[in-house]
Number of protein chains: 2
Amino acid sequence: MAVAAFTWRHNRLAVLDQRLLPRQIKYTLCRTHQDVAEVIRNMSVRGAPAIGCVAAYGMALAARNSQPLKRAADLLKAARPTAVNLAWAVDRMLKVPPSKFLEEARRITREDLAVNKAMARHGARLFRKNSVVLTHCNTGALATAGVGTALGVIGEAFKQGKVKKVFVDETRPYLQGARLTAWELVQMRIPHELITDNMAAHFMNTEKVSAVIVGCDRVAANGDTANKIGTYGLAVLAKYHGVPFYVAMPTSTLDLKIKSGKDIPIEERSSDEVVNWRGIQIAPKQTKARHPAFDVTPARLITAIVTEHGVVKPQDLKKWIIRKP
Amino acid sequence: MAVAAFTWRHNRLAVLDQRLLPRQIKYTLCRTHQDVAEVIRNMSVRGAPAIGCVAAYGMALAARNSQPLKRAADLLKAARPTAVNLAWAVDRMLKVPPSKFLEEARRITREDLAVNKAMARHGARLFRKNSVVLTHCNTGALATAGVGTALGVIGEAFKQGKVKKVFVDETRPYLQGARLTAWELVQMRIPHELITDNMAAHFMNTEKVSAVIVGCDRVAANGDTANKIGTYGLAVLAKYHGVPFYVAMPTSTLDLKIKSGKDIPIEERSSDEVVNWRGIQIAPKQTKARHPAFDVTPARLITAIVTEHGVVKPQDLKKWIIRKP
């Protein structure tokens with residue numbers, strides 16, 4: 001990939017400020033784990049797998065700076081509550097000695113890359129020739145250490161000559177679809193059309209949409225899936241129109257400790273992020289907006305889950321995953 | 001209402017430039033029917049009933065300026081294709097002598113005001129105490145000559161103490177919900193929360209939504225309804241969640257010449273209006289957006305239609321309306 005979401009260089013973590021894309025490519029240099037917590041919190045870096053990798057490097061910085069590790073872990077884990085990869089990566093770091101933290105962070109990153117490739121290979125089999133695929137938010141290279149999750153699948157299917165067009169939800173309020181996914185699709189030369197989120201139903205009804213594929217931030221043991229706000233609505237619409245609905249999930253995003261979607265914590269962010277767009281107020285100042293950053297899609301609306309080990313029905317996830325290495 | 005969408009003054013039509021709301025209140029003075037066609041085309045004025053009234057005054061200007069009336073009528077009718085009120089109002093003007101055009105335009109406007117009030121009264125009966133209502137786009141005073149269609153119903157129900165809260169879809173790409181509906185609700189002191197369009201499903205699922213009510217731009221004889229893009233998706237979501245879905249329709253928006261939604265022309269506007277927000281590009285320049293301005297909701301997803309004559313099921317619309325004066 002041409003532009004990486006993060007890179008470790010000279011004992012510092014450089015994190016791409018994705019809020020400025022596609023207009024500007026600018027990296028923030030993180031020297032401390034506090035710096036890392038801040039770039040996660042302010043969404044310079046986003047995407048469950050990328051957040052996990054970056055948090056692991058944050059722990060490496062904490063060790064390097066001789067900081068109390070338990071406190072550093074808590075700070076990083078609290079930066080964003082919904083994506084489980086964050087807690088997963090930090091907890092995994094704590095299982096190795098601090099002298100091995102940097103090595104472990106690099107291993108987590110390398111593994112994510114390999115997991116991305118495996119998911120892409122398994123997921124691409126779901127698509128037939130001339131597919132029109134709809135996706136939401138950004139799940140590409142910018143959201144991971146590799147080719148992405150859902151967008152990685154789309155990219156691989158495209159390479160195999162199976163994808164005719166991608167409908168990209170702009171994904172309000174942060175516009176990850178318009179700013180990030182469209183940008184990655186331009187680089188991959190994949191034909192695409194940007195749509196506002198409220199157009200998805202119209203195109204499912206008036207044009208052929210072969211499948212919807214999205215990423216995820218935390219999947220409960222029963223297959224209920226938390227992902228970017230708007231995913232649940234898309235799943236309902238896909239069901240109504242008979243369109244298969246796929247979730248691309250690295251197993252690091254599966255949280256077997258959580259039984260069902262009801263127990264997944266949903267981050268509510270500030271009203272300002274909805275009513276302000278780069279300093280322009282889009283609503284009267286007396287008006288407050290709601291801003292759940294995620295929603296939960298029940299397993300029954302998910303056709304299949306793509307993992308690095310293969311494709312599985314959400315109902316079979318738990319027993320199936322336990323059998324895996 | 002404090003700020004009118006349009007006013008006739010000193011033989012000129014002053015039209016509020018709604019694209020600048022809520023930041024700026026500025027009227028454009030129309031001296032010719034070409035001026036009027038332009039403010040309709042560029043969406044300074046929008047909302048099916050308001051467009052009808054403004055076009056009628058456009059015909060009055062054409063007559064006053066001794067312009068060829070047939071050509072003026074064609075120009076005005078071509079300004080926007082979907083809302084039938086535009087053609088309805090222009091055709092109605094042509095049935096009276098040009099010397100009576102101004103009088104007829106005033107009559108159309110007065111009638112719209114009365115129709116709004118009657119709809120509000122009938123529609124308010126659909127709501128029970130403590131209702132949480134979700135609405136899309138703008139259907140208030142700014143979209144009509146009076147209190148509005150769907151928003152007029154909400155306002156009346158609120159006056160009767162039945163509305164606890166309104167969820168306002170921001171309504172991309174033009175943000176009529178955020179900019180116009182929220183602004184009207186602030187003025188009416190009705191409690192409301194702004195949401196991005198992709199949050200509607202989440203709140204239908206996690207909070208009680210008592211009803212969805214929207215306006216319409218053209219209703220076919222079978223009850224299929226063209227309205228602002230995003231309406232169809234909302235109707236599917238409402239059905240899935242068992243939430244009643246109402247359409248507020250002045251009978252001037254009913255087009256008995258059109259059998260079903262399949263035959264309603266859907267305006268496709270420019271990609272630029274999606275990818276640019278006040279001069280800020282939100283996607284890579286190589287990315288093109290789709291921009292259907294409307295979608296069609298089939299009658300089977302509509303619980304009831306509120307008209308100035310009363311509330312009717314969409315299937316009964318045709319036979320019912322023929323019996324009315």
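Glu193(B) is buried, with a relative accessible area of 19%, where buried means under 20% relative accessible area, exposed over 50% and partly exposed in between, with a 1.4 Å probe and protein chains only. The structure is a predicted model, in which local features need pLDDT of at least 70, side-chain atom pairs count only at pLDDT 80 or more, and totals for chains, interfaces and linings use all residues. Residues are numbered from 1 along each chain as its sequence is written, chains are lettered from A and ligands numbered from 1 in the order in which they are written, and side-chain values use heavy atoms, with hydrogens and water left out.

Side chains of opposite charge can pair when their charged atoms come close. Glu193(B) forms a salt bridge with Lys165(B), a term for a side-chain nitrogen of Lys or Arg within 4 Å of a carboxyl oxygen of Asp or Glu. Lys165(B) lies in strand 5 (residues 163–169) of chain B and Glu193(B) in strand 6 (residues 192–195) of chain B, so the pair ties together parts that are 28 residues apart in sequence; strands (E, at least two residues) and helices (H or I, at least four) are DSSP runs, numbered from the N terminus. Lys165(B) is also buried, at 16% relative accessible area.

| Pair | Closest N to O |
|---|---|
| Asp91(A) and Lys77(A) | 2.7 Å |
| Lys165(B) and Glu193(B) | 3.0 Å |

In chain A, Asp91(A) is partly exposed at 30% relative accessible area, and Lys77(A) is partly exposed at 29%. In chain B, Glu273(B) is partly exposed at 22%, whereas Arg269(B) counts as buried at 13%.
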